[in-house]
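Good morning, and thank you for coming.

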Amino acid sequence: MPIISRRTILKGSAAAAASFAIGGGLAARNGIAAPLRLKAQFTEAALASDGITPKVMTYGTGEAAATGMPPVIRMKKGEPFAARLMNALDEPTTIHWHGLRIVNAMDGVPEMTQPYVYPGDGFDYTFTPPDAGTFWYHPHCNTLTQMGHGLTGVIVVEDPADPVFDAEIVLNLRDWRLGTGGAFIAPFKPRDAARGGTYGTVRTTNWQQQPSYDAPAGGLVRIRMAATDVTRIYSLAAEGAPAVVIALDGNPVDAPYPLDLLDFGPGQRVELIVRMPDQEGTEVKLGNVRGSSPFTIATLRATGASLKRDIREVKPLPANPVAEVDLSTAKRIPLDFTATAEHAPVPSICGTIGYTFWAINKVPWQGDTPDPGAPVSELKLGKSYVLQVRNRTPHAHPIHLHGLSFRILNSNKRTILPPPTDTILLLPDEQAELGLVADNPGDWLLHCHIIEHQKTGMSGYFRIV
Ligand code: C2O
Ligand code: CU
């Protein structure tokens, strides 16, 4: 159930705490964890209006969610977490914990940070999330298929110092490429992969089309949304109630500000507080207003007597421990994102889709091959860097860096700079400087999160030693 009232939050987190904090607590005391069981498996789901979709992929925990969707995983900032992935698919898989700054060996990139998890096998993930916020998880194998078929779930990392709101709603936004009768169709068209990416045909929120949720009238509702689609960039607007942005991509904004229109791309997250209308039955719409066919992401319906809350009560969330960049010593690293002339497919980590269209610093697939070649750059542990990113294409690219957070220091395309992030939606012709401290050792992928772009060359890695 995606809507959680204040009471059920307490109950829910107590229950969740009981199920894996037994793990967490014991892990802390005895080094033994009772992991959350995540079984990658096939299911079927009611996604389209004209038929049940077979061969959907999901993560099961034992109790099936009503929609079949991968569970929202709740963790606690600074506390050990453990999960056991079991592979009941018919191909290898792994889990990447997108945005969590955890140890390299738990990052879920096959060949690079861990072995493939073959059908019938399992893998134990244990780590401690250092930051609170909204994150997500997905495989890093054959991703256009595995993510396209359903393997994208949301993570909430709670902070005991977080303010409590009247309700919380977690929204997993994604599309599906389905044909008549709800069956999957080809995941992409090469022509689109070489442009903005191939869109899905059915748009869902929590695996439902335009769902509606009850929320307390006059209450402050925390909305956590994650764009887990392989292609779609959203432009978010709220209609029918005031809303403020409190966090982006897993980090709080310095001061909450009114939601006007917010663009976010694959891999990115947005947290809002919506002040529900006082009148029972009144609806609030969260919509995607981008493109030729705007649509409703979700409807919120006010229920009960008004709680009469004031949106000005919303204070900044506690900050995460992201290191300050030392600009006086920071080394500059230019990174150009470009198209590349179409040539033969290169076998990448976890499979190619058969084309090469994109490059970073003129090199497609920098090191992203089963026999990793040179990294895009080698960084020194603990040192500050400024990535001088440049989008030399007419398309937006959500560029994601594993294992680290960076700050957008300046940009020729924006006046408001977001909080530290793991993914920047690099706009067409945007030029920006990203500051980071290389404080997490290992090999960290850097790639576009439009998966067709990632899988046709816009991918590489940093080595931090
Ligand atoms: Cu969402 Cu390489 O990751
Ligand atoms: Cu891209």
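Predicted model: local features only at pLDDT ≥ 70, side-chain atom pairs only at ≥ 80, totals over all residues.

Which residue in S28 stands opposite serine 384? The residue is valine 437.

Residues are numbered from 1 along each chain as its sequence is written, chains are lettered from A and ligands numbered from 1 in the order in which they are written, and side-chain values use heavy atoms, without hydrogens and water.

Strand S24 covers residues 384-391 and strand S28 residues 431-437; the two pair in the antiparallel sense over seven bridges. Strands here are DSSP runs (E, at least two residues; helices are H or I, at least four), numbered from the N terminus, and two strands pair if DSSP finds at least two bridges between them. Six of the eight residues of S24 are buried, so this strand is largely enclosed by the rest of the structure. Buried means under 20% relative accessible area, with a 1.4 Å probe and protein chains only.

I turn now to an open sheet. Five strands form it, in the order S23-S30-S29-S25-S27, with mixed pairing. Strands S23 (377-379) and S27 (423-426) stand at the edges with a single partner strand each, so one side of each has no neighbour in the sheet. S27 pairs with S25 (residues 397-401) in the antiparallel sense, over four bridges. Within this pair, proline 398 has leucine 425 of S27 as its bridge partner.

The copper ion (ligand 2) is coordinated by His397 (ND1), Cys448 (SG) and His453 (ND1), at 2.0 to 2.1 Å. Donors are N, O and S atoms within 2.8 Å of the metal (3.2 Å for Na, K and Ca), and because water is not among the atoms, sites may look incomplete. Histidine 397 lies in strand S25 and histidine 453 in helix H4 (residues 451-454), so the pair ties together parts that are 56 residues apart in sequence.

Methods. Buried < 20%, exposed > 50% of the residue type's maximum accessible area, 1.4 Å probe, protein only.
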